[in-house]
Amino acid sequence: MENTDTFHILALDGGGTRGIYTAQLLAEIERAFQTRIKTCFDLIAGTSTGAIIAGAAVSDIPMTDIVELFESETPHIFRKRWYRIPLFLSKYPSEQLAQVIAKHIPAMPLGEIATPLMITSSEISKSEVHIFRSNYESRYSEGTPPTNKEVCLRDAILASCAAPTFFAPKSVDTLLLADGCLWANNPSTIAATEALSVFRKEAREIRMLSIGTGHSTNMYRQRRGWGFITGWGGAKLTSYVMTLQAQASAHTAKLLLKGNYLRINPEIDRWEIDNLTQLDTLKSLAESDFEKYAAEIRTFIPT
């Protein structure tokens, strides 16, 4: 029988449209184990597209609905402007993303969310990290008031999704926020730290399921010119840095939690975060990976 003190964490990477992999894998978990993701974890952490999925999970939205969101709404989110001067405008209007979030995610304050939730973002005016939390700190940290309790869940998600050059930063109160992928594309390490510090768990009591959105096996090759566009590939460099951070976070969490950390992250080709042509492929990958990891996943959710 599992230790009743076990603290279950779900950590969800960023990755734009590749988040359909995460949503499909979680939908397979809900189907196979006849449960909702919300009831399986004591803490859910998400970055960018992972923040959308995490917000849906704590709102008790079925993951099949979020798979449908990716299938039907990403062409709207990533519809390019009919005009654009790349040096002066983001690649996509933020309004399209905001419309989709408003359509699918409830407009509730973070303070009214019962499930402990962490959403990462970056405060770019002060070069600081920023974490949105649901109203749980006061329950576990003596003398520490809850933070962000009046902030709307939708706004926290939009801030976490504001990938530089793809979307404009999001203003929330006095903060100017961008995508959490800049420092925590894989939120495993910060989620583990939260469990240790705020929830006062020991490492042996923590059990974490971490889901990535794909590790590219075809990023760079040897070449002569290594300019920003010719060699480093502009937007490709952003994807590369996100991938490195995700790997570093996974390695750190694995060292800390040892066998209590399960990382599922498929090998993929180099698909940008706004790629719309691989959604079916990513869904199929998630279905096959669930079959591959089903027995292990079962040990990472409460019985």
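**View 1. Ser48 is a buried residue, with a relative accessible area of 7%.** Buried here means under 20% relative accessible area, exposed means over 50%, and partly exposed lies in between (1.4 Å probe, protein chains only). This is a predicted model, in which local features need pLDDT of at least 70, side-chain atom pairs count only at pLDDT 80 or more, and totals for chains, interfaces and linings use all residues. Residues are numbered from 1 along each chain as its sequence is written, and side-chain values use heavy atoms, with hydrogens and water left out. Ser48 sits in the loop between β2 (43-46) and α3 (49-58). Helices (H or I, at least four residues) and strands (E, at least two) are DSSP runs, numbered from the N terminus. Ser48 is not a glycine, yet its phi is positive, at about 55°.

**View 2. Asp173 has a positive phi of about 55° and is not a glycine.** Its place is the loop between β5 (170-172) and β6 (175-179). Is Asp173 buried or exposed? Asp173 has a relative accessible area of 71%, so it counts as exposed.

**View 3. The protein chain holds 11 helices and 10 strands.** Of its 303 residues, 53% are buried. Take the contacts between residues at least 6 apart in sequence: 74% of them join residues at least 24 apart. Contact means heavy atoms within 4.5 Å.

**View 4. Helix α4 (residues 63-77) meets helix α5 (residues 94-104).** Their axes come within 9 Å and cross at roughly 150°. α4 is therefore roughly antiparallel to α5. Axes are lines fitted to C-alpha atoms, for helices over the stretch in contact, and angles run from 0 to 180 degrees between N-to-C directions. Angles under 35 degrees count as roughly parallel, over 145 as roughly antiparallel, 65 to 115 as roughly perpendicular, and the rest as oblique. The crossing of α4 and α5 is right-handed. A crossing is right-handed if the near helix is turned clockwise from the far one by less than a right angle, and left-handed if anticlockwise. Leu69, Glu73, His76 and Ile77 make the contact from α4; Gln96, Leu97, Gln99, Val100, Lys103 and His104 make it from α5. By class, these residues are 4 nonpolar, 4 polar and 2 charged. Ala, Val, Leu, Ile, Met, Phe, Trp, Tyr, Cys and Pro count as nonpolar, Asp, Glu, Lys and Arg as charged, and the others, Gly among them, as polar.

**View 5. α4 bends by about 35° at Glu71.** A proline, Pro75, follows within four residues. The bend at a residue is the angle between axes fitted to the seven residues ending there and the seven starting there. Buried in α4 are Met63, Ile66, Val67, Leu69, Phe70, Glu73, Thr74 and Ile77. These buried residues pack against α1, α2 (37-40), α3, α5 and α11.

**View 6. Helix α11 (residues 279-298) bends by about 55° at Lys292.** Its buried residues are Leu279, Leu282, Lys283, Ala286, Asp289, Phe290, Tyr293, Ala294 and Ile297. Their cover includes α1 (19-33), α4, β9 (261-264) and β10 (267-268).

**View 7. α5 also meets helix α7 (residues 153-160).** The two axes come within 10 Å and cross at roughly 140°. That angle makes α5 oblique to α7. The crossing is right-handed. From α5 come Leu97, Ala98, Ile101 and Ala102, which meet Arg154, Ile157 and Leu158 in α7. This contact has 6 nonpolar, no polar and 1 charged residues.

**View 8. Ile105 lies in the loop between α5 and β3 (117-123).** Its relative accessibility is 1%, so Ile105 counts as buried. What does Ile105 touch, not counting residues up to four places away in sequence? The partners are Ile52, Gly55, Ala56, Ile61, Leu153, Arg154 and Ile157. Ile105 and Leu153 are 48 residues apart in sequence; C-alpha to C-alpha, they are 7.9 Å apart in space.

**View 9. His130 belongs to strand β4 (residues 128-133).** His130 counts as buried because its relative accessibility is 15%. Leaving aside residues up to four places away in sequence, His130 touches Ile119, Thr120, Ser121, Ser122, Glu123, Asn148, Leu175, Leu177 and Trp183.
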